[in-house]
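Here is a short briefing on one protein chain. Look through the sequence and the structure, then read the points below.

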Amino acid sequence: MAAIPTPTAALARRALGAMIEGRDVLSGLRVFHAALGDIFRIPLPGFDPIMVAGPEANRLVLTGLRNDLLWRSEGDPVTELLRHGVLVEDGDSHDALRRSMNPALHRRMLEGYLTTMLGVTDSALAGWSEGECNALDAMRAIALRILTATLFRVDIAPDLARLWKSVIKSIEYISPGPWLVVPGLPRPGYARARKTLDDYLFGLIAARRRAAAPGDDLLGLLMDAGMNDDLIRDQLLTLLIAGHDTSTALLAWALHLLARHPDVQDRLWAEIDGAVGNAPPSFEALARLPLLDHVVDETLRLYPPIHLGQRRAARAIDFQGYEIPAGRRVLYSIFLTHRDPTHWPDPHAFRPERFGEPGPRVPYTFVPFGGGARNCIGAAFAQVEVKAVLVRILQRFVLQAAGPLPRLRMAATLEPAHGARVQIRPRKA
Ligand code: HEM
């Protein structure tokens with residue numbers, strides 16, 4: 001079998017130059033991808049993963065070799081934080097957890113959630129006035145409230161100020177950083193953050209145990225499934241983090257892109273004004289906004305919040321003629337797939353209309369929600385949420401670019417470094 005392509009010293013220097021110039025790691029990965037193709041090593045001391053990209057590799061990771069490429073890595077910060085959450089479990093245990101949660105995230109529940117999503121958004125927007133806003137922070141506040149109000153049936157608003165720092169600290173804990181190459185590096189503040197979130201979640205669980213009936217929301221379903229409090233905590237924390245940080249990043253990038261593309265904003269206003277007017281959109285109306293769909297998809301393509309998925313080889317694998325040794329970490333890059341000029345002409349341009357062009361798309365070239373048995377459980381939820389929030393913002397505000405172009409920051413999600421700065425101004429009636 002062929003050896004996995006490895007960057008030469010000269011290529012590594014070129015990638016480093018791109019990283020310094022672009023001030024982000026992804027610029028360096030693009031250099032490797034362009035030179036080495038859809039599979040290559042990233043040989044760092046103590047961390048030597050294999051990166052794969054492109055439709056065939058995505059298909060193998062997500063479906064064909066699903067049982068050979070497992071998620072869980074003991075000792076990883078994400079496993080340590082989420083313990084036995086569905087995101088970090090494999091095999092039967094993963095599938096059983098997923099089955100218990102599926103009904104709360106099924107499409108038929110979304111119509112009911114939409115009312116809550118709109119209520120949360122409206123209450124947040126009531127506090128907006130003309131000026132510059134940090135879109136990332138503003139969207140995080142909305143996304144956290146939506147997630148908890150729908151799936152846990154609790155209003156997190158009164159606790160938000162107290163929990164905010166712990167949420168951010170926990171996200172930082174699972175983000176890439178120097179601890180990848182220097183295991184055991186101290187992570188100050190994390191233990192306290194985790195305790196604060198645990199106390200909050202165990203408090204919700206205890207309150208629900210005291211209630212007359214478990215309820216039909218996600219928390220109630222987990223109780224009905226007979227899980228103990230520890231296992232329920234793991235699922236709640238998984239959803240709290242995975243279910244808000246992603247929508248937060250997507251919404252922030254969408255606001256950033258719209259602020260920099262007034263022509264697209266104009267066309268979206270025409271679409272929304274024509275189909276919905278000023279009223280809160282119904283579930284059916286949200287489904288009749290094709291340009292908005294294309295804007296969301298194009299934002300997901302350019303800035304996929306989960307820009308890579310990680311796996312570990314359970315055994316030695318033949319991967320497209322390359323041997324991946326047992327135990328090796330494999331990363332499938334959604335970002336590199338979405339920016340590949342072979343599949344996406346003019347890949348770095350924001351062109352929402354590309355999603356309206358006729359003709360089939362090559363399968364596995366657009367994978368913002370992963371795929372296969374462990375695709376995103378919240379994909380449909382997120383799409384309704386993001387469209388509802390964007391419609392309410394665009395019905396009331398004009399967005400304009402403010403500040404320099406944000407750098408891409410590889411945190412737990414791909415987010416605009418320092419938040420996307422956007423100037424907002426109320427729309428004239
Ligand atoms: C724009 C929003 C979102 C994006 C782009 C996104 C993306 C993804 C991706 C790519 C995966 C698969 C990762 C892999 O293959 O390793 C995933 C898994 C997951 N997502 Fe999302 N997600 C979003 C929103 C949500 C929401 C709203 C929820 C919960 C309500 C959620 C919960 C999860 C969970 C629990 C998993 C693990 C599923 C499993 O392993 O079976 N996500 N997400």
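N228 sits in the loop between α10 (218-224) and α11. This is a predicted model. Is N228 buried or exposed? N228 is exposed, because 10 other C-beta atoms lie within 10 Å and a residue counts as exposed at 12 or fewer. The C-alpha atom of N228 is separated by 9.9 Å from that of I205, and the two residues are 23 residues apart along the chain.

**The largest nonpolar core**

- The largest nonpolar core holds 116 residues.
- Which members touch the most other members? They are V52, A135, L218, L251, A252, A254 and L255.
- Helix α11 (residues 229-260) gives this core its largest share, 17 residues.
- Domain 1 (1-67 + 307-367) and domain 2 (68-306 + 368-426) both give residues to the core, so the core lies between them.

- The domain assignment gives domain 1 as 1-67 + 307-367. It gives domain 2 as 68-306 + 368-426.
- The C-alpha centres of domain 1 and domain 2 lie 25 Å apart.
- How many residues of each domain are in contact with the other? The counts are 37 residues of domain 1 and 30 residues of domain 2.
- On the side of domain 1 that touches domain 2, α2 (25-36), α3 (55-64), β5 (308-313) and α15 (334-338) each supply at least two residues.
- The residues on that side of domain 1 divide into 20 nonpolar, eight polar and nine charged.

**The five-stranded sheet**

- Five strands form an open sheet in the order β1-β2-β8-β5-β3. The pairing is mixed.
- Strands of a sheet pair through backbone hydrogen bonds, either parallel or antiparallel.
- Why is one side of β1 and of β3 left without a neighbour in the sheet? β1 (39-41) and β3 (69-70) stand at the edges, and each has a single partner strand, so one side of each has no neighbour there.
- β1 and strand β2 (residues 50-52) run antiparallel, and three bridges join them.
- I39 stands opposite V52 in β2. V52 is also among the core members that touch the most other members.
- Helix α3 packs on the sheet and touches β1, β2, β3, β5 and β8 (329-333). The direction of α3 makes about 125° with that of β8.

Technical notes. Residues numbered from 1 in each chain as written. Predicted model: local features only at pLDDT ≥ 70, side-chain atom pairs only at ≥ 80, totals over all residues. Domains from an automatic or database assignment. Contact = placed C-beta atoms within 7 Å. Helix = DSSP H or I, 4+ residues; strand = E, 2+ residues; numbered from the N terminus. Nonpolar A, V, L, I, M, F, W, Y, C, P; charged D, E, K, R; others polar. Core = buried A, V, L, I, M, F, W, Y, C linked by C-beta atoms within 7 Å. Buried ≥ 20, exposed ≤ 12 C-beta atoms within 10 Å, placed from the backbone. Pairing = 2+ DSSP bridges. Axes fitted to C-alpha atoms, helices over the stretch in contact; angles between N-to-C directions.
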